[in-house]
Amino acid sequence: MKYLLGYDVGSSSVKVALLDIETGKALATGTSPDQEMGMIAHEAGWAEQHPDSWWQEAVNATHKLKAKYPFDPALVAGIGISYQMHGLVVVDKDLRPLRPSIIWCDSRAVEIGNHAFDDLGNDYSLQHLLNSPGNFTASKLKWVKDKEPQIFEQIRYFMLPGDYLALRMSGTPQTTVSGLSEGIFWDFAEQKVSQKLLDLYGFDSSLIPEIVDTFSPQSQLSASAAAELGLKAGIPLAYRAGDQPNNAFSLNVLNPGEVATTAGTSGVVYGINAQATSDPLSRVNTFVHVNSTPEEQRNGVLLCVNGTGILNSWVRRFAGGISYDEMNQQAAQTPVGAEGLTFLPFGNGAERVLENRLLGGQLQGINFNTHTPAHVFRAAQEGIVFALQYGLQVMKEMGVQTHTVRAGHANLFLSPLFREAFANTTGATIELYDTDGAQGAARAAGIGTGVFDFKSAFNGLTQIATVEPLADLQEKYANTYAVWEEALKKI
């Protein structure tokens, strides 16, 4: 065997990477669609996508990959899957979707989760679930039960988005402990599905697919799926994980004290703890990390800001569609603080770090005689960094240290200004690596099939840059952050 395949199912696109086993290097990638996938929003705060669109884009991406780098499918040792977290997919007895997926940034279940937090008891939730049920998968399923009972009655299984892609590939419904924890179904204290939560929401345990190990030969590529993908039937599906645990894995962030970050559609900081810790207000969340075992628990503390890359994309559209490079160059010509312009980047649904408030994005301090589009570009990137810093303060209270943070050289971390703002606002050294979620999923599939161990899986992972904070810039960013934080407190 020579190759591994990794799929990354995002809310904007599906990407597939082909990894060379011998060198550990990505040989080629394919991404589909060329433009961002759309979202269905029938009401404010809603966000849905059809699960079958992920499958079709996975097929398209695979064919694009093969066109770039023709390879023998018989030499593929395994497939790994990374996916957008917290989404809900429900299928019937024929394993077909009953409705569009309610995805991660959909806010409709906030109140359901808030009530459940009280009904379960705050102490139980924080000691056993390590989170409020909040606006996560379990609460979204309860919304379907309450609002669409005719659909709920037909549900055979619920699953996460990556579980559905694996189902389309193999025909086998399965999930993982890590996935159940991100849906707030997992009892950390008892190391099993929370019966108390199932009882409260009125879910039968038979709705949960078979639970498989994160790294393992979980199922095999079916003949029909192989025909659509242009691959060979029988390839093991050997890994699945949510995009943020997988991003951490792709950066070799596996042990307590290690931290990963990413700034794609949403912005995330993800730190590893050996302890089962929780935030009393559930502003940041704790999930089972990919390498956790009953004997050696590893939990990921996750801070998420919804409006990061999507804000930068929004600003770009208003600027007439100029390139991101040009935006970055113009923004860098303006001073730290954008001459008094403040951007609160909260326009992509309810924000967990703000206790599930739905504030909307806000641009404050506009001076018609001073401010140009370049100031807006800078204020947007600074606002994203400041929102992450706001949540990092909560993570530090939970014992997560952020002296060094690893990130992929992608998305907003391609911007020198963003890197500068992040390092000097947080005080952390940034290590940038040539990797992404699809590559990480491919490496992980190597562990799942036994091709790699946890050391050899990272052969070929290359660090390409380091960004250190600088004392004079830290002072400037600290002053600007204080102004930003004061603006947030007033709304």
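Biologist: Is aspartate 52 buried, exposed or partly exposed?

Modeller: Burial is read from relative accessible area. Buried means under 20%, exposed means over 50%, and partly exposed lies in between (1.4 Å probe, protein chains only). Aspartate 52 has a relative accessible area of 28%, so aspartate 52 is partly exposed. This is a predicted model: local features need pLDDT of at least 70, side-chain atom pairs count only at pLDDT 80 or more, and totals for chains, interfaces and linings use all residues. Residues are numbered from 1 along each chain as its sequence is written, and side-chain values use heavy atoms, leaving out hydrogens and water.

Biologist: With which residue does aspartate 52 form a salt bridge?

Modeller: Side chains of opposite charge can pair when their charged atoms come close. The rule here is a side-chain nitrogen of Lys or Arg within 4 Å of a carboxyl oxygen of Asp or Glu. Aspartate 52 pairs with arginine 168, and their closest N and O atoms are 2.7 Å apart. Aspartate 52 is in helix 1 (residues 51-68) and arginine 168 in helix 6 (residues 161-170), so the pair ties together parts 116 residues apart in sequence. Helices (H or I, at least four residues) and strands (E, at least two) are DSSP runs, numbered from the N terminus. Arginine 168 is partly exposed, at 26% relative accessibility.

Biologist: How many salt bridges does this rule give?

Modeller: The count comes to 18. One of them joins arginine 406 to glutamate 431, with the closest N and O atoms 3.6 Å apart. Arginine 406 sits in strand 21 and glutamate 431 in strand 22, so this pair links parts 25 residues apart in sequence. Arginine 406 is buried, with a relative accessible area of 18%. Glutamate 431 is buried too, with a relative accessible area of 18%. Salt bridges with shared partners also join Glu48, Arg99, Asp106, Arg108 and Glu148 into one network.

Biologist: Where do glutamate 382 and arginine 378 lie?

Modeller: Both are in helix 13, four residues apart, about one turn of the helix.

Biologist: At what angle do helix 12 and helix 13 pack?

Modeller: Axes are lines fitted to C-alpha atoms, for helices over the stretch in contact, and angles run from 0 to 180 degrees between N-to-C directions. Helix 12 (residues 324-332) and helix 13 (residues 373-397) pack at about 95°, with axes 8 Å apart. They are therefore roughly perpendicular. The classes are: under 35 degrees roughly parallel, over 145 roughly antiparallel, 65 to 115 roughly perpendicular, and the rest oblique. The contact (heavy atoms within 4.5 Å) includes Met327 of helix 12 and Phe377 of helix 13.

Biologist: What is the strand order in the open sheet of seven strands?

Modeller: Two strands pair if DSSP finds at least two bridges between them. The order is 17-18-16-15-21-22-23, with mixed pairing. Strand 17 (285-288) and strand 23 (463-467) are the edges, each pairing on one side only. The twist averages 25° from one strand to the next.

Biologist: Which way do the side chains of strand 17 point?

Modeller: In a regular strand the side chains alternate between the two faces of the sheet. In strand 17, Asn285 and Phe287 point one way, Thr286 and Val288 the other, and all are buried. Strand 17 runs antiparallel to strand 18, joined by four bridges. Asparagine 285 has leucine 302 as its bridge partner in strand 18.
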